[in-house]
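This report describes how two chains meet and what spaces they leave. Please look at the sequence and the structure first.

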Amino acid sequence: MNNTPAIVTHDPMMIRSLRITTKIRLHPDFIADHREFARRHHLAPEIDIFPVTDLRNDPNADFIHTTIEKTKASILLLRGAIRLFTMMDSEGDWVQSIELYPSLLLYGDEKHPYANGDLQQSLSILKEQVALLLADSLDSLHIVPGLAQGKDHVAVWSKVDCELLMPKIQIQCLHNLSHPLTGPAQGAKRNRIQLGDKKDDCLIRIKVAKKKIVGVDGAQSVQGARVRLILKGKALTLEFAQFGTIATREHEKFLVSFTESSIAQVHQSVMTEIQGTILPVPTEWRNQDRGKPLTTAKVLALLSQLTSIPLGELMTMDKEIRKPSVSTTKRLKKDVQIESSRLSPVPVSSLFHPDVYSAPISRGSSHPGKMDAEIARVYGMDRDVSNLLQV
Amino acid sequence: MPIDRTTIQTRLKIHPDLLSDPCSYIKEHQLKVRTLAPNDGKKSRNHTKKLTLDVSTYKGIRVELCEGIHDGFSDVKIEFNPGVCLYGHNGRILLLREFVDALGILISHLKPILLNQDDWVDLIPGVRPKGVAYWSYLELFLHIEDPDGSVLKGFRNAQGRNSQTPVRHWADSMEIGSKRSNIQYSIYRKAIEMVEHKKLEPKQLEDDGNILRLEVRLKGNKLVQYLGNERNMEEIDGVKRVTKFYPHELNTAHCASFGDLNGVYRSNEPLAKLAQKEQMKALGRLLARVSNDPRTTYTFLELRDQLHFYTDASSATLSAISGEGLKYLSHVSRLRKEDLFSDDAYRKQITIFSEKKENYVRHYIDDIYSDPRIFQAYQPPDQRLLRINQFPSYYLEELT
């Protein structure tokens, strides 16, 4: 695993995880004794298996206490960077889904920004590692989607989880967020805004971020926001439709391949549809030498931005509470106008302009191991997509 | 007994054959175990081996056994939901008899995993005086009708005692406090939640859609603070723990914990007239008034946090704003604590039935372990059990 940090030249984009749905059978010797199997086949020793045995009553049995035994398991390879989820039946143990953590695999850090070629490299390692565990070597075509010829798409993409780190964005400045795929943001915490739910096909999570990253001038501490997008199901197919390859299986559409650059494109495409405003703290309010930090005028100006109550009505409410004198009211009116002019809301969607998603970073050094030729062919061809980025 | 999820912590000698080969043991003894998940402990902090069993065909009992570390005794954590155990869902308000039946089912399911069967007395807290079992987590609730949403809305500006954290709110629910803390409140439309989890037919929302659940989740020192008294606590490993409870004690604990929320209930104290120089108090009232306006999505505490962020106001200023704002909210609130949490409210609260789930749950009567010591721990001496006019739906008389 290469731990050389990449050089960051812009807002870093990360692939947090990818999930594949498939159906491939594991070698019975691996299931019987994975440690011996790993030793014999010179596999990386970091394999952990967490089985869960399901014992249910057999409804078709003659005796009431006859049970059907099914074992599910989570198999972690390479320190959890590759996770296989298996289910046992009468024919053997089948991998039903695979989760891949590309940055964890290549850099030892799940939140490391991705570099040119990381997707193909991590998929190559995935294919290489899992192929060694299979009962039938021909099933190696069904580890990574898009490699099987013809219409036999056993493996398909079922989840893409990606994240953009945006320095200098403070989430407290984001207001009234909503998205056509998720509805309004709900259940906010102090350090997190969320649109959608875990069970939804689209989840957007904006979280406070503090991270040390390596920039052109060396290591630096970055404070900002992580904008995470998790797509699965219909939303995954819909959003990747113009950037990837879609196949139909039993009348249902599935994503079977996409290029590395399309992850950023989809992130941008989804985020430009986000509604709401970003309201920066006025420079004048940060300057403590300019009088009291908190005044009624500031509060009224701020409330008129945070709510849909008109400023005039807010001033009336204040008058009913404080019963100020005529001169105070006159002064307040003037001050409110000044403070209101200092607040400049802009649409949140404007944050996600194409420049933020410019070319992936260059890796400091290459990762050991060959790139799989077939994966490079299916996943490595970036289309000229500058005209597809939304402005 | 309006009780939802619970956790029992105890220490027991588990049969070594179960720990060494769980699958074979379960099959050999025909135990009603749905899933078993061993963990070799390599990833855990203290490298303790664990075995987790989902017991009971109908859910409601999960047991986590840690490998014996105290002279062959294992630390055992039992996650127990009596309502789910009996009815397949947690929408019902259980009678005392039903709660005791659920404990009986727990005993009959877990006795076979013990090395000594007589040790079952340490499965249920309070059965054995000076025992090792105690309640470590309890969820208590109250169901009320809230057809116009005014009660749910009334809790939007709630502030927990000694907490500055704003309420997390969604369209039909809210949470006060975090999961990690020893007290958390959750207020939500119970029937809607049950439909989302496929435990209730959507058509039942016509009748039950207005039911609001006011739930409090207690553990650690908060569980002891609100529920504990001289009668129901014991010192276990040097720490005071709750080992038993009567039904009315649960209601008292629930009422007391909800009563400690600020900014919710009507206060009869008149609002003082503000002096000209009391500008921060005036802002507090303004913020409170705005937070109650339907044209804002922010709660009072969220607006206060925004103020702090944008203006960097001092903590003294914010304190003055918060204090006056919460007073104002209490002054204008339509929720009266004595009405919401009256004895009548607890006695007559609405239960949610779910034919969809209840039709599938059946326990053989012989499987419902009975012992007078269980009743002694949970039945108040002056309370008689209601006569059974018909068998509960979860009873199954004989093998078919």
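## Interface and spaces

Between chain B and chain A there are three salt bridges. The model is a predicted one. One salt bridge joins the side chains of D305(B) and R190(A), with 2.9 Å from N to O. Polar contacts also cross the interface of chain B and chain A: twelve residue pairs, both residues at pLDDT 80 or more, are found.

Which elements of chain B give two or more residues to the side that touches chain A? They are the helices α2 (22-28), α10 (279-291), α11 and α12 (315-332), together with the strands β2 (33-39) and β7. The largest share of that side comes from α10(B), which gives nine residues. Sorted by class, the side of chain B that touches chain A holds 24 nonpolar, 15 polar and 13 charged residues.

The contact can also be described by residue numbers and by area. Chain A brings 54 residues to the contact, and chain B brings 52. The size of an interface is often given as the accessible area lost when the parts come together. Here, the area buried between chain B and chain A is about 4,600 Å², and carbon and sulfur atoms give 58% of that area. In chain B, the residues that lose the most area to chain A are R295(B), F309(B) and Y310(B); together they account for 17% of what that side buries.

Several elements each supply at least two residues of the lining: β7 (174-179) from chain A, and α5 (150-154), β7 (168-169), β8 (173-176) and α11 (300-311) from chain B.

The count of cavities of 30 Å³ or more is three. The largest cavity is lined by residues of chain A, namely L43(A), A44(A), E46(A), I47(A), L77(A), L78(A), Q129(A) and L133(A).

The table sets out the volume and the lining classes of the two spaces.

| Space | Volume | Nonpolar residues | Polar residues | Charged residues |
|---|---|---|---|---|
| Largest cavity | about 50 Å³ | six nonpolar | one polar | one charged |

Which residue of the lining of the largest cavity is charged, and which is polar? The charged residue is E46(A) and the polar one is Q129(A), since Glu counts as charged and Gln falls among the polar residues.

Terms used. Residues are numbered from 1 along each chain as its sequence is written. Chains are lettered from A and ligands numbered from 1 in the order in which they are written. This is a predicted model: local features need pLDDT of at least 70, side-chain atom pairs count only at pLDDT 80 or more; totals for chains, interfaces and linings use all residues. Side-chain values use heavy atoms; hydrogens and water are left out. Helices (H or I, at least four residues) and strands (E, at least two) are DSSP runs, numbered from the N terminus. Contact means heavy atoms within 4.5 Å. Buried area is the accessible area (1.4 Å probe) that two parts lose on being put together, summed over both. A salt bridge is a side-chain nitrogen of Lys or Arg within 4 Å of a carboxyl oxygen of Asp or Glu. A polar contact is a pair of N or O atoms within 3.5 Å; within protein, one must be able to donate a hydrogen and the other to accept it, and residues adjacent in sequence count only if both atoms are side-chain atoms. On a 1 Å grid over the protein atoms alone, a cavity is a set of points where a 1.4 Å probe fits but cannot get out, and a pocket is an open set with protein on both sides within 12 Å along at least five of seven lines; lining residues have an atom within 4 Å of a point. Grid points are joined across faces, edges and corners, and a volume is the space filled by probe spheres set on the points.
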